[in-house]
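My entries follow the order in which I consulted them.

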Amino acid sequence: MPTSIAHLTSRALIAIGGADWRGFLQGLLTQDVETIQPDEVRFGALLTPQGRLLYDLFIVGRPEPAPGGCWLDCVAERRAAPDDTPVLAAWGDAAPVGPGWAPDPRLAALGWRGYGAAAEPNAAEADYERHRLALGAPGPVDWGEDRAYPLEADFDLLNGVDFRKGCFVGQETTSRMKRRGAIKSRMLPIAFDGPPPAAGSEILAGTLRAGETLSGMDGRAIALVRLDRIEGDRLTVDGRPCAVERPDWTRV
């Protein structure tokens, strides 16, 4: 597949710097910041004190010769101090050429993130969203704000939580869910015939509620499903048969 490049206009950068930037972020985010290097990208989140997802973030070690610090790649509407550097995404068979690119830290098949890369987009952000959905990877439109726990949104499977780094906001709930295996629901792709159900449509296992749909496209959607109700019983959504799929990256 030829390499596609899209400008992600829904994302923006916030530049973080100063002598204490690592320590400041280390106590806030789910990802380790202390060891991040220039040009390295890591995926993480800011949680509520109760452990729910507020914002997802890509932490980007600013490239040399920038004066240290990092960029936070975040949802554009949530930025308070934006940097004008565009956020790009690339996917396909070959890595994009030139500086400013790094592998997407969530999943190799998602491709690459670009920051300050000299590249001409040849695809739309909607194409990237279709690529994400095809892989079954949830995104910000799925987890929203202060609704889902990061482990429900698969952050533990997509390298979004460093359980060895020590304390961060919401760490107690997140670590307890991981330690006890108390993950009752997860965001997983579902397959069906026809157009996607409206977000929030109920998925039924027989007569029991088994989950709800989130973002989608024809034939496929992300859904938050109860893991104890997706096996065996015939699943339906909007009266149509559907099936939960388990991509290889979820089987760890």
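The entries below record what I looked up.

**Basis.** I worked from a predicted model, in which local features need pLDDT of at least 70 and side-chain atom pairs count only at pLDDT 80 or more, while totals for chains, interfaces and linings use all residues. Residues are numbered from 1 along each chain as its sequence is written, and side-chain values use heavy atoms, with hydrogens and water left out.

**Open sheet.** I took helices (H or I, at least four residues) and strands (E, at least two) as DSSP runs, numbered from the N terminus, and strands as paired if DSSP finds at least two bridges between them. I found four strands in an open antiparallel sheet, ordered β1-β7-β9-β8. β1 (4–7) and β8 (101–103) are the edge strands, each with a single partner, so one side of each has no neighbour in the sheet. Neighbouring strands here are turned by 25 degrees against each other on average, direction ignored; axes are lines fitted to C-alpha atoms, for helices over the stretch in contact, and angles run from 0 to 180 degrees between N-to-C directions. Four bridges join β1 to β7 (residues 87–91), and H7 stands opposite L88 in β7.

**Barrel.** I then traced six strands that close into an antiparallel barrel in the order β10-β13-β12-β11-β14-β15. β10 (residues 185–192) and β13 (residues 220–226) are antiparallel and share seven bridges; S185 stands opposite R226 in β13.

**Helix α2.** α2 lies across β1, β7 and β9, at about 50 degrees to β7. α2 also lies across β12 (208–217) and β13, at about 145 degrees to β12.

**Aromatic pairs.** I counted five aromatic pairs, with rings of Phe, Tyr and Trp (its six-membered ring) paired if their centres lie within 6.5 Å, and planes under 30 degrees apart stacked, over 60 edge-to-face and the rest tilted. W71 and Y115 have ring centres 6.3 Å apart and planes at 40 degrees, so this pair is tilted. W71 lies in β5 (residues 70–75) and Y115 in β9 (residues 112–115), 44 residues apart.

I noted that, by class, the lining of the largest pocket has seven nonpolar, two polar and seven charged residues (Ala, Val, Leu, Ile, Met, Phe, Trp, Tyr, Cys and Pro are nonpolar, Asp, Glu, Lys and Arg charged, and the others, Gly among them, polar).

Conventions:
Contact = heavy atoms within 4.5 Å.
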